[in-house]
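Please have a look at the view below, then go through the points in order.

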Amino acid sequence: NIQNAGQTLLALINDILDMSRIESGKVFFKEESFDFKNFIKDINTVFENQAADKHIDYSCVFASKMEPYYIGDVMKIQQILINIIGNAIKFTSAGGTITHSVKQLSKPDILGNVKIQVKIKDTGIGMSEEYLKKAFEAFTRERTSTESGIQGTGLGLSIVKRTCELLGADLKVESEVGKGTEFTIIYSLKIASKPE
């Protein structure tokens, strides 16, 4: 119980600090070269275990050929994915599925930039059409922790939206109560020839 309470408190503090940094404008970008498949592998390692603990079928697919290395703010992209996939696991029951697919949409432009599309689809509890209108507002939840039995701060999706805006990424969500939710994120990365 102490460990669980500590983890919940730590998550709450981190979310509030993230929102504070974003709202104060004290957010810095770090452009660095990174190994894309290792980046996705690290994320999957975390969530495959969490999904298995809840008896959820989690899978990740590359829907197109990906470059070995890209340049971008890997930490901010990671933060977006962790929030969305974490929510998918949180709101999907045993026997459900979560699919994480990654695709390079375009050929490099003159500067070597490409569009990367990520889709995260779950068969969880879904969101109502009414709630979707305010889902990205801070401290917003469709049902409270007391009603749903699921802990959360109501900051995750707000952080996702703000971070996408900072990266110039497109964010789209489709959801239906009782059937699940699908997030689509499209962001730009520059192709790198090798890690730096």
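1. Let us begin with helix α3, residues 74-90. Its 17 residues reach 24 Å from the first C-alpha to the last, close to the 24 Å expected at 1.5 Å a residue (the expected span is 1.5 Å times one less than the number of residues). Helices here are DSSP runs of H or I with at least four residues, strands are runs of E with at least two, and both are numbered from the N terminus. Twelve of the 17 residues in α3 are buried, so this helix is mostly covered; buried means under 20% relative accessible area, exposed over 50%, and partly exposed in between, with a 1.4 Å probe and protein chains only. Among the buried ones are Val74, Lys76, Ile80, Asn83, Gly86 and Ile89.

2. A word on what you are looking at. This is a predicted model, in which local features need pLDDT of at least 70 and side-chain atom pairs count only at pLDDT 80 or more, while totals for chains, interfaces and linings use all residues. Residues are numbered from 1 along each chain as its sequence is written, and side-chain values use heavy atoms, with hydrogens and water left out.

3. Now the overall layout. The protein has six helices and seven strands, and from the N terminus on they run α-β-α-β-β-α-β-β-α-α-α-β-β. Of the 196 residues, 41% are buried. Among contacts with a separation of 6 or more, 73% join residues 24 or more positions apart; a contact means heavy atoms within 4.5 Å. The accessible surface comes to about 11,300 Å², and carbon and sulfur atoms hold 53% of that (Shrake-Rupley method, 1.4 Å probe; for residues, only the protein chains shown count as cover).

4. Helix α2 deserves a careful look. With 18 residues, α2 reaches 26 Å from its first C-alpha to its last, close to the 26 Å expected at 1.5 Å a residue. Its buried residues are Phe36, Phe39, Ile40, Ile43, Asn44, Phe47 and Ala51. As background, an α-helix has 3.6 residues a turn, so residues three or four places apart point the same way.

5. What happens at the two ends of α2? At its start, a side-chain oxygen of Asp35 comes to within 3.2 Å of the backbone nitrogen of Lys37. This is a polar contact, a pair of N or O atoms within 3.5 Å; within protein, one must be able to donate a hydrogen and the other to accept it, and residues adjacent in sequence count only if both atoms are side-chain atoms. After α2 comes His55, whose phi is positive, near 60 degrees, although His55 is a residue other than glycine. His55 belongs to the loop between α2 and β2 (57-62) and is exposed, at 61% relative accessible area.

6. Asn44 counts as buried at 8% relative accessibility and touches Tyr58, Cys60 and His100, leaving aside residues up to four places away in sequence. Asn38, also found in α2, counts as partly exposed at 39%. Asn38 and Tyr69 are 31 residues apart in sequence, with their C-alpha atoms 9.8 Å apart in space.

7. Next, the aromatic rings. The structure holds five aromatic pairs; rings of Phe, Tyr and Trp (its six-membered ring) pair if their centres lie within 6.5 Å, with planes under 30 degrees apart counted as stacked, over 60 as edge-to-face and the rest as tilted. Phe34 and Phe39 form an edge-to-face pair, 5.5 Å centre to centre and 70 degrees between the planes. Phe34 is buried at 7%, and Phe39 is buried at 6%. The rings of Phe36 and Tyr70 are also edge-to-face, because their planes stand at 70 degrees, with centres 5.2 Å apart.

8. Why does the pair of Phe36 and Tyr70 tie together parts that are 34 residues apart in sequence? Phe36 lies in helix α2 (residues 36-53), whereas Tyr70 lies in strand β3 (residues 69-72). Both residues are buried. Ring pairs link Phe34, Phe36, Phe39, Phe62 and Tyr70 into a cluster.

9. Finally, some charges and a threonine. The charged end of Lys37 sits over the ring of Phe62, 5.3 Å from its centre, and that of Lys161 over the ring of Phe136, 5.7 Å from its centre; this requires NZ of Lys or CZ of Arg within 6 Å of the ring centre and within 35 degrees of the ring normal. In helix α6 (residues 156-167) you will find Thr163, buried at 3%. The side chain of Thr163 reaches the backbone oxygen of Ile159 at 2.7 Å.
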